[in-house]
Amino acid sequence: MAAYANLTEAERERLEVLIEECGEVITIATKVLRHGYDHYHPEDKTKTRNVYALEKEITDVMTIVHRMEAVGDLDIGLPDHNARWKKKLRWMRHQGGEE
């Protein structure tokens with residue numbers, strides 16, 4: 001597969017890690033939607049709140065994205081997050097008119 005897409009094994013591996021980490025963000029974000037930020041799994045002896053699990057998974061995504069940029073897979077640069085957020089606000093209904 002990597003050869004067909006003209007990817008090195010290292011590039012492919014980084015994409016696999018990115019996909020896995022994004023999936024983990026989706027999983028914990030769904031748990032937050034179902035149970036809330038403050039909830040934790042009843043069998044979790046450490047009682048790690050969902051918000052902390054979400055922060056960890058988002059940090060993992062950010063880590064692999066930064067690595068992919070550092071090695072040249074991506075060239076994201078420093079986007080203007082405020083401008084990007086304003087574009088997204090057009091499609092949102094519950095952000096209180098933020099700008």
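A crossing of two helices is left-handed if the near helix is turned anticlockwise from the far one by less than a right angle, and right-handed if clockwise. In this predicted model, H1 passes H2 in a left-handed crossing. Local features need pLDDT of at least 70 and side-chain atom pairs count only at pLDDT 80 or more, while totals for chains, interfaces and linings use all residues. Residues are numbered from 1 along each chain as its sequence is written, and side-chain values use heavy atoms, with hydrogens and water left out.

**Confidence**
- The protein chain has an average pLDDT (the predictor's confidence in each residue, from 0 to 100) of 92, and 94% of the residues score at least 70.
- Among the elements of the chain, the highest mean pLDDT, 98, belongs to helix H1 (residues 9–35), and the lowest, 88, to helix H3 (residues 81–89).

**Packing of H1 and H2**
- The axes of H1 and H2, which are lines fitted to C-alpha atoms over the stretch in contact, lie 9 Å apart and form an angle of about 160°.
- That angle makes H1 roughly antiparallel to H2 (over 145 degrees, on a scale from 0 to 180 between N-to-C directions).
- The residues of this contact comprise 15 nonpolar, 2 polar and 7 charged.

**Two exposed residues**
- Arg 34, found in helix H1, is exposed (over 50% relative accessible area) with a value of 63%, and its C-alpha atom is separated by 29 Å from that of Asn 82, 48 residues apart along the chain.
- Asp 75, in the loop between helix H2 (50–70) and H3, counts as exposed at 75% relative accessibility, and its C-alpha atom is separated by 9.9 Å from that of Val 65, 10 residues apart along the chain.

Key:
Helix = DSSP H or I, 4+ residues; strand = E, 2+ residues; numbered from the N terminus. Buried < 20%, exposed > 50% of the residue type's maximum accessible area, 1.4 Å probe, protein only. Parallel < 35°, antiparallel > 145°, perpendicular 65-115°, else oblique. Nonpolar A, V, L, I, M, F, W, Y, C, P; charged D, E, K, R; others polar.
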